[in-house]
Amino acid sequence: MRRAAILAIGALLGAALWWRRNPSAMPYWQRFFVELPHPGITRERLVEVLEPRPRERLLEVGPGTGYYALTVAERLDGGRLEVYDLQKEMVDHVMRRTAERGLTNVTGWTGDAQQMLFEDNRFDGAYLTVVLGEIPNQDLALEELARVVKPGGRVVVGEIALDPHFVSFGSLRERAERAGLEFERRLGGGFAYFARFRVRAAA
Ligand SMILES: C[S@@+](CC[C@H](N)C(=O)[O-])C[C@H]1O[C@@H](n2cnc3c(N)ncnc32)[C@H](O)[C@@H]1O
């Protein structure tokens with residue numbers, strides 16, 4: 001019994017390590033995990049740090065099944081939320097939920113955050129939560145965010161240590177600064193946090 005428990009824990013740790021070293025998108029069949037509460041990176045906290053405003057055009061990268069999307073879209077009266085995910089099933093799932101909620105200001109796109117199909121300066125702001133660590137080239141994704149968000153616009157990144165692809169605040173800040181994102185504030189601590197950056201204006 002004890003041996004079985006040790007083996008199970010070892011297998012779990014091994015799987016977590018493997019995932020960490022091999023960034024990849026969480027498959028749609030595992031969506032149960034993102035429908036659970038997100039301790040420390042709640043919807044209320046995202047709203048507090050992102051400050052979505054009426055008439056804005058915002059981008060969510062990697063919305064999963066829409067844990068945050070509906071809450072944000074509801075605050076964009078006269079504006080628009082565009083959700084962008086590698087997996088079409090995730091995008092379709094979010095669009096079903098927004099339709100059920102009667103929201104008409106959400107657009108869904110399928111694509112890779114490392115090479116976004118949007119023109120420069122399209123968005124007033126962007127956010128991504130529990131996504132960055134799944135992306136093989138995080139630097140590229142951060143550069144793309146700095147490109148598609150207007151100079152002066154904000155980019156909010158959320159992370160939680162329960163995720164095998166967790167990105168520490170130190171690593172994020174270093175990469176973000178290199179990509180042209182200036183650190184503004186952080187909400188939360190080492191276990192779960194939201195960090196807000198501002199897109200640097202071109203020199
Ligand atoms: C762990 S889920 C998080 C979902 C949601 N943000 C949440 O917190 O509930 C990660 C999401 O990021 C998406 N994703 C992973 N890599 C991506 C990439 N390169 N480009 C766009 N989306 C990506 C996955 O398909 C998945 O929907």
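Of the contacts in this chain between residues at least 6 apart in sequence, 70% join residues at least 24 apart; two residues are in contact if their C-beta atoms, placed from the backbone, lie within 7 Å. This is a predicted model: local features need pLDDT of at least 70, side-chain atom pairs count only at pLDDT 80 or more, and totals for chains, interfaces and linings use all residues. Residues are numbered from 1 along each chain as its sequence is written.

Next, the overall fold. The chain has 6 helices and 7 strands, taken as DSSP runs (H or I, at least four residues; E, at least two) and numbered from the N terminus.

Now the core. The largest nonpolar core holds 49 residues, and Ala126 and Val155 have the most contacts inside it. Such a core is a set of buried Ala, Val, Leu, Ile, Met, Phe, Trp, Tyr and Cys residues joined through C-beta atoms within 7 Å. Strand S7, residues 192-199, gives the largest share of this core, 6 residues. Beyond its neighbours within four places in sequence, Val155 contacts residues including Ala126, Leu181, Phe197 and Val199.

Then Thr65, in the loop between strand S1 (57-61) and helix H3 (69-74). From Thr65 to Asp120, 55 residues apart along the chain, the C-alpha separation is 27 Å.

Terms used. Buried ≥ 20, exposed ≤ 12 C-beta atoms within 10 Å, placed from the backbone.
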